[in-house]
Amino acid sequence: MRFQGCVAIITGGGSGLGRVLAHRFAAEGAAIVVADVVGQRARAVADEISEAGGKSLAQTTDVTRAADVEAMVMAARDEFGPVDILVNNAAQATDADFLDVGEETWDGDVAVTLKGSFLCSQAVLADMTKNGSGVILNISSVNALGYYGNEAYSAAKAGILNLTRSLAVRYGPFGVRVNAIAPGTLKTPAWEQRQQKDPGVFERVAKWYPLGRVGEPEDVAGAVLFLASDEAAWISGAVLPVDGGLTAGNMQMMQEIIKGPKDHIQ
Ligand SMILES: NC(=O)c1ccc[n+]([C@@H]2O[C@H](COP(=O)([O-])OP(=O)(O)OC[C@H]3O[C@@H](n4cnc5c(N)ncnc54)[C@H](O)[C@@H]3O)[C@@H](O)[C@H]2O)c1
């Protein structure tokens with residue numbers, strides 16, 4: 001029970017990784033605010049947590065709207081007390097060829113993915129600095145570290161890494177730790193449309209992963225809970241890839257190098 005007495009907000013908590021994180025933090029004693037732009041999803045997850053004996057509150061929150069974010073933090077404080085843990089998990093990625101990405105799509109993906117993390121972090125920092133403790137976890141992506149498509153989303157995910165470092169330095173002296181996780185492909189509802197069009201997508205993508213499979217939300221949850229816990233008390237400003245080895249290197253390229261003429265081998 002690493003989070004007994006803690007209050008945690010999970011944005012985008014109504015689906016996929018956010019839902020699993022909400023359950024895992026609740027199972028370790030935290031009171032959970034499940035915040036999602038789709039209120040029905042937030043309520044469903046909050047109900048699941050309550051039914052399992054945990055403490056939860058559903059909030060319909062669009063993380064791109066300052067008023068919604070303020071209301072979310074106030075509701076958390078009123079119901080459970082000041083927020084100890086914020087997980088910036090909500091994000092948006094629109095599939096489109098770069099030359100077809102319109103202004104609205106760019107602004108939308110960047111707003112949910114990056115501005116949302118700014119607004120939510122700003123909203124919890126007053127209480128965290130006053131209390132002299134707090135944890136912010138930013139869910140980034142391997143898309144922040146290299147090219148895997150979705151340019152607007154990827155640029156925003158890269159922006160999150162600097163936001164992580166900036167806040168870690170700025171608020172470390174107040175006892176606030178800020179870290180980022182960069183997951184690889186996760187089997188979540190975010191992939192539903194692609195999977196419907198292309199049922200073999202996970203099997204094909206898995207071949208790029210040194211560990212031979214794509215991830216499950218549970219693969220990431222362990223790292224998030226560790227970084228949120230006191231076991232990580234001296235870790236701040238870090239970016240942890242949780243990606244089955246994807247960003248460690250490129251096996252196919254290495255094989256091409258070895259196959260080539262001897263003077264190409266370094
Ligand atoms: N699934 C993957 O392959 C993958 C890979 C790397 C990183 N990630 C990251 O993991 C996180 C969770 O992704 P997921 O795959 O679980 O996605 P998901 O689509 O299953 O869930 C995302 C949730 O965010 C909510 N949301 C969207 N816009 C919002 C807004 N403006 N305000 C509040 N909530 C909003 C959605 O309603 C949804 O419930 C994201 O940050 C994503 O970028 C996912």
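## The largest pocket

Helix α6 gives four residues to the lining of the largest pocket, the largest share; helices here are DSSP runs of H or I with at least four residues, strands are runs of E with at least two, and both are numbered from the N terminus. The elements that give two or more residues to this lining are α1 (16-27), β2 (31-36), α5 and α6 (192-197). A pocket is an open set of points on a 1 Å grid over the protein atoms alone, where a 1.4 Å probe fits, with protein on both sides within 12 Å along at least five of seven lines, and lining residues have an atom within 4 Å of a point.

The space in the largest pocket comes to about 1600 Å³. Its lining consists of 45 residues, and Ala91, Ala93, Tyr153, Thr188 and Ala190 lie nearest the centre. By class, the lining holds 21 nonpolar, 16 polar and eight charged residues, where Ala, Val, Leu, Ile, Met, Phe, Trp, Tyr, Cys and Pro count as nonpolar, Asp, Glu, Lys and Arg as charged, and the others, Gly among them, as polar.

## Basis of the model

This is a predicted model, in which local features need pLDDT of at least 70 and side-chain atom pairs count only at pLDDT 80 or more, while totals for chains, interfaces and linings use all residues. Residues are numbered from 1 along each chain as its sequence is written, and side-chain values use heavy atoms, with hydrogens and water left out.

## Helix α4 and its partners

The axes of α4 (residues 103-131) and α5 (residues 151-171) come within 8 Å and cross at roughly 15 degrees, which means that α4 is roughly parallel to α5 (angles under 35 degrees count as roughly parallel). The contact of α4 with α5 has 13 nonpolar, five polar and three charged residues.

Helix α3 (residues 66-79) also packs with α4, at an angle of about 35 degrees and with the axes 9 Å apart. Here Ala66, Val69, Glu70, Met72, Val73 and Arg77 in α3 meet Leu119, Cys120, Ala123, Val124 and Asp127 in α4, and these residues divide into eight nonpolar, no polar and three charged.

## Helices α1 and α8

The axes of α1 and α8 (residues 217-228) come within 9 Å and cross at roughly 50 degrees, which means that α1 is oblique to α8. In this contact, Gly16, Leu17, Val20, Leu21, Arg24 and Phe25 belong to α1, and their partners in α8 include Pro217, Val220, Ala221 and Leu225. The contact of α1 with α8 comprises ten nonpolar, two polar and two charged residues.

Conventions
Axes fitted to C-alpha atoms, helices over the stretch in contact; angles between N-to-C directions. Parallel < 35°, antiparallel > 145°, perpendicular 65-115°, else oblique. Points joined across faces, edges and corners; volume = space filled by probe spheres on them. Contact = heavy atoms within 4.5 Å.
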